[in-house]
Amino acid sequence: MSSILKKFLMALTGLALVGFLIAHLGGNLYLFLGRDHFDGYAKKLEEMGPLLILAEIVLAGLFLTHLFMALKLTGENQTARGAQGYADNSKNQSTPASRWMWITGLFVMMFLVVHIKMFKFGEREKPITAKGEEIIKAFNGEEAAKQFARESGEHGSLYGLVQKEFKRPAVVGFYVVLMLVLGAHLSHGIASAFQSLGVLRPGWLQCLKPWCVALAWLIALGFALLPVCTFFGIGIN
Amino acid sequence: MNFTLNVWRQKNANDQGRFETYQAKNISPEASFLEMLDVVNNELEAEGKEPIAFDHDCREGICGACGMMISGRAHGPRAATTTCQLYMRNFQDGETLTLEPWRAKAFPLVRDLVVDRSAFDRIIQAGGFISVNTGNAADANALPVPKDNAELAMDAAACIGCGACVAACKNASAMLFVSAKVSHLALLPQGDAERVRRTLNMVKTMDEAGFGNCSNTGACEAECPKSISISNIARLNREYARAKLLS
Ligand code: HEM
Ligand code: FES
């Protein structure tokens, strides 16, 4: 596969993943509307059944293609310099974000593993039904009764799980730092993808680039806002 | 002016290579960088030592032979300037300068600061020409060329093939060079006939030579002595997609 075809794949998968991030962030903003809205949104997604599974397979395919191409390109790029590198390498005229794409990318990958384990396979807290409330009352609010009431509920609440995780300082710190890393990846990636796809006419890159960078940080800071607001109880309680 | 030079010395491709330190003394601020090296070499020869090998030809910024890394910058710190057009007044008196050859797997080292850039020639041979029989010189304006295209083609044609783009790129990618050559011809009616074949063959030869891929970092554009824009790389990507669809 030619170098340019590889970059087309990189750009197309990258932009598709950006599209996913925007949709995902949009969905997550339901957190600000409260438990019922957020859990309702999650339930709707889950009720899509096979469609959701298909979407997940497509997403996984995009990630794996992006990851595979990233490793291949990075490997080729590092051997192209040759055995002897420069002694003075400190004045490369490019942004750190553009030079560290594979490192920021690998951190994003690592984040994804943690993130999916935490929220897709994490144990959801069961909401307490009206009947549960009666039981708790009957037992004068004893802890064991609360526990029983929770466990006998029907649906687990994703909202509850998010609340639980985002009240832990280590988790909040981890999310904020990794979203900054994602912001760095995208601050080069989005504009780079348009350039790779050749969609820019002379002069357009200069015009479009600030908007691409702004979108990158909007996405990254948007995601970072969720754990921060949950932790401090700002808009999400 | 006086300078301390840290120069990469290497007898041939098989030699290990190492930095050697030299003093450049009593250099005129009006001397070009190559003239400064001439002075150092005269002294080395007088002492019976091997002069520092460096490539040069026109010494007026048009042949592209004189490229070298000067303290981490291709053709030195000045924008849009070849090494031969760089003057010592651009440096501080007493400064230490590190001189290295272009580093790229596709540009094997010949000696000291001289590398073999024939990979660029092979790319040109793969399609960087027009083989239609053009006959006698045509009347001016017999072949209409839109003004915008003429300007863009001329900008791309300014490329002197010096290799600074490859040297400056963290991936040693030749995309700026190839894109300048492809753009120059694709924008003109004379180049249109072989547009598809040219793009595919030049990219194929570029990849086979062992250059890296483009990461769109823009380091090439910043170091290019002819200020070739990376919008040419976007055009090459477009031309490549078009060529793939049409071939
Ligand atoms: C949410 C996840 C991700 C998004 C939205 C994303 C987005 C992008 C975009 C838009 C590009 C620009 C493509 C181009 O230069 O043409 C890019 C490049 C890149 N991505 Fe990602 N990416 C993600 C995850 C990853 C992961 C997990 C890796 C793994 C290592 C990675 C590694 C890279 C590398 C190395 C490049 C630069 C390729 C080059 O230098 O040519 N990315 N990414
Ligand atoms: S010697 Fe010809 S460009 Fe410098």
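Helices (DSSP runs of H or I, at least four residues) and strands (runs of E, at least two) are numbered from the N terminus. With that in hand, select chain B: nine helices and seven strands are there. This is a predicted model, in which local features need pLDDT of at least 70 and side-chain atom pairs count only at pLDDT 80 or more, while totals for chains, interfaces and linings use all residues. Residues are numbered from 1 along each chain as its sequence is written, chains are lettered from A and ligands numbered from 1 in the order in which they are written, and side-chain values use heavy atoms, with hydrogens and water left out.

**Stop 1: chain B as a whole**

Of its 247 residues, 53% count as buried, where buried means under 20% relative accessible area, exposed over 50% and partly exposed in between (1.4 Å probe, protein chains only). Among contacts (heavy atoms within 4.5 Å) in chain B between residues at least 6 apart in sequence, 69% join residues at least 24 apart.

**Stop 2: Ala24(B)**

Next, pick Ala24(B), which is in strand 2 (residues 18-24) of chain B. Is Ala24(B) buried or exposed? At a relative accessible area of 1%, Ala24(B) is buried. Beyond the neighbours within four places in sequence, the contacts of Ala24(B) include Met1(B), Leu5(B), Met36(B) and Val40(B).

**Stop 3: salt bridges**

A salt bridge here is a side-chain nitrogen of Lys or Arg within 4 Å of a carboxyl oxygen of Asp or Glu.

Show Asp38(B) and Arg59(B), whose side chains meet in one, 2.8 Å from N to O. Asp38(B) lies in helix 1 (residues 33-46) of chain B and Arg59(B) in the loop between helix 1 and strand 3 (69-70), so the pair ties together parts that are 21 residues apart in sequence. Asp38(B) is partly exposed, with a relative accessible area of 26%, and Arg59(B) is partly exposed at 27%.

Then move to Arg195(B) and Glu239(B), where the closest N and O atoms of the salt bridge are 2.7 Å apart. Arg195(B) belongs to helix 7 of chain B and Glu239(B) to helix 9 of chain B, so this pair ties together parts 44 residues apart in sequence. Both Arg195(B) and Glu239(B) are buried.

**Stop 4: helix 9 of chain B**

The buried residues of helix 9 of chain B include Ile233(B), Leu236(B), Tyr240(B) and Ala243(B). What covers the buried residues of this helix? The cover includes helix 1 (3-28) and helix 9 (169-196) of chain A, as well as helix 3 (147-157) and helix 7 (195-208) of chain B.

**Stop 5: the iron atom**

Finish at ligand 1. Its iron atom is coordinated by NE2 of His66(A) and NE2 of His185(A), at 2.0 to 2.1 Å; donors are N, O and S atoms within 2.8 Å of the metal (3.2 Å for Na, K and Ca). His66(A) lies in helix 3 (residues 50-80) of chain A and His185(A) in helix 9 of chain A, so the pair ties together parts 119 residues apart in sequence. Both histidines, His66(A) and His185(A), are buried.
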